[in-house]
Amino acid sequence: MARAQPDVTAYDLRLASPLALFFAAFFAAPLAALLALSLRGADGRYGLSQYAAFLGDRFSLGVLGGTLWLGLKVTAVCLGLGYPLALVATRAGSLVRGLVILAVLTPLLTSVVIRTFAWIVILGRQGVVNGVLSSLGLTDGPVRLLYAEGGLVAALAQVQMPLMVLPLMTALARIDPSLWDASEALGAGRWRTFLRVTLPLSLPGLIAGSVLTFAAAISGFITQSLIGGGQMLFMPGYIYQQAIALQNWPFAAAMSVIFLVAVLAVILAFNALGRLARGYAQT
Amino acid sequence: MSRSPGALDRLSFEGLVLLLALAALVLLLAPTAIVLVVSFTDGLSLRFPPPGYSLRWYGELMEAWQLHFALGNSLRVAFFATLLAVVLGVLAALAVARSPRLAARLLDSLFLSPLILPALAFGLSSLMYFSLLGWPVSVATLVIGHTIVCVPYVVRNTVAALTQLQPVLLEGSASLGASRLYTLRRITLPLIRPGILSGGFLAFMASFDNIPVSLFLRDAATDMLPIRMWQDLEGRLDVTIAALSGVLIVATIAVIALMERLTGLSKRLV
């Protein structure tokens, strides 16, 4: 089906040049400046000494590892709760689906500070969880939930859950419902249908949602600092501390580059896993 | 062939899915609801449930000039950043959406990349870059930084609207003798307007709520609302912030409802 005039529907690529120039000047150039500054050593000479300082320091490596691990935990919680929600919403009628979308959109568009603030109210010493625990007589005094990692994972999962649910709903809505009927007619139960039909077909949404959730969770500076408090340090807080409080720009720059590379590596790993799983599902 | 699955298979699967979905809904909605309730407390603390109800913290909010100042700055930056992002983003979307060329795909990925790169690293690099250039931080530098972070929303939504456009309409318009500019103005733009509007709306919210870029590019003269709220919360747990949250939550829900009517926002995001 060759179109008579295919050029009528496409516009000149040069229309993108204003934005491309803007990105070159204010996105690529700053990142290049970051890279350049990260190569300046404490003695003023250029080299990899800032990187060596970070990678040779157990504390710094611990912060980096802890940040990536935190991101994985939050992504796992979002996936575990978000996938069932997306599944229910996709198969439900339009009213339920609309309500779920509204329930997902409202937190997505509410300020991160407000959502984090809500968790302070929930997890604090006089908060909801402690109120329930003490009224049930389960605890003697208030339990420390704020400034603890469990509370942080829960708060980050709530803040980032919409980023997981929306791409999943898109992917699940694309699955032809007759495939489910066919699977059932062929004798497969719900679990088997889920594992062999639904899950493989929803992989693109699952990967997209996981990447977005992971990226947002590890760079969620506000939630990390308010819920995690001073005891728990993650990469964004560490970079901010070095850059603003200590004014150690070259080290902060090197940390940022290492952080960027680590994030890209994890995202590429997610995508590779997705491709691998898809290949496996097709055999 | 596998054996025919029984009722247990069905019950365990449907039950577990429903249970987890309900847990997800509670997790999504409860925090917002709790903040709304606490904002009406008559006490001095964030106790839940509140000891009594009053509007005193909404009254305090009227007096909080620091928050008013930060709100004004945030709205101003969000307005200009959205304007810039929509103009540049729609032009770029027109260029890359239907182009089969590799360059178009690469540009598309470039314009979307601020979504997944840690924004804090970008914020820091912007601060270093502007100080290298000798530009002091100002509303202008904030608008530039925010535009980079906001553009992906405009590009993504406009490209999505453009790919759903029937090529027949454009070909028909051309074969009837309309110029490309006329077709753009009378056919393309009206049809993709909902996509542009929802992209612009998401861009505005992304700027209004931005922290990682504002953190580095603002100073006392250009205080931004999310940063002000964060610093207030770091210092002391202020109930005024709960009242402000209440106002912002209600405003957000109202704007979402409006955008849903104007653009069918929820259908564009799913």
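How much of residues 195-217 of chain B is helix, and how far apart are the end C-alpha atoms? The span is 87% helix and 0% strand, with its end C-alpha atoms 30 Å apart; helices here are DSSP runs (H or I, at least four residues) and strands are DSSP runs (E, at least two), numbered from the N terminus. This is a predicted model, in which local features need pLDDT of at least 70 and side-chain atom pairs count only at pLDDT 80 or more, while totals for chains, interfaces and linings use all residues. Residues are numbered from 1 along each chain as its sequence is written, and chains are lettered from A and ligands numbered from 1 in the order in which they are written.

**View 1. Overall fold of chain A.** Chain A has 13 helices and zero strands, and its C-alpha trace spans about 75 × 70 × 35 Å along the principal axes. Of its 283 residues, 46% are buried (20 or more other C-beta atoms within 10 Å of the residue's own, the C-beta atoms being placed from the backbone).

**View 2. Helix α3 of chain A.** The 34 residues of helix α3 (residues 58-91) should span 50 Å at 1.5 Å a residue, and the end C-alpha atoms are 49 Å apart, which agrees; the expected span is 1.5 Å times one less than the number of residues. This helix bends by about 30° at A:G82, with the proline A:P84 following within four residues (the bend is the angle between axes fitted to the seven residues ending at a position and the seven starting there).

View 3. Residues 194-222 of chain A are 90% helix, with end C-alpha atoms 37 Å apart, whereas residues 251-273 of chain A are 100% helix, with end C-alpha atoms 33 Å apart. In chain B, the UniProt annotation (unreviewed entry) includes residues 77-97 and 195-217, and residues 77-97 of chain B are 100% helix, with end C-alpha atoms 28 Å apart.

**View 4. The contact between chains A and B.** The contact takes 87 residues from chain A and 82 residues from chain B, two residues being in contact if their C-beta atoms, placed from the backbone, lie within 7 Å. Helix α1 (residues 17-38) of chain A gives the most to the side of chain A that touches chain B, with 13 residues.

**View 5. Domains of chain B.** The assignment, automatic or from a database, gives domain 1 (1-32) and domain 2 (66-269) of chain B, whose centres, taken over C-alpha atoms, are separated by 37 Å.

Notes:
Buried ≥ 20, exposed ≤ 12 C-beta atoms within 10 Å, placed from the backbone. UniProt positions renumbered as here; feature names shortened; annotations may be inferred.
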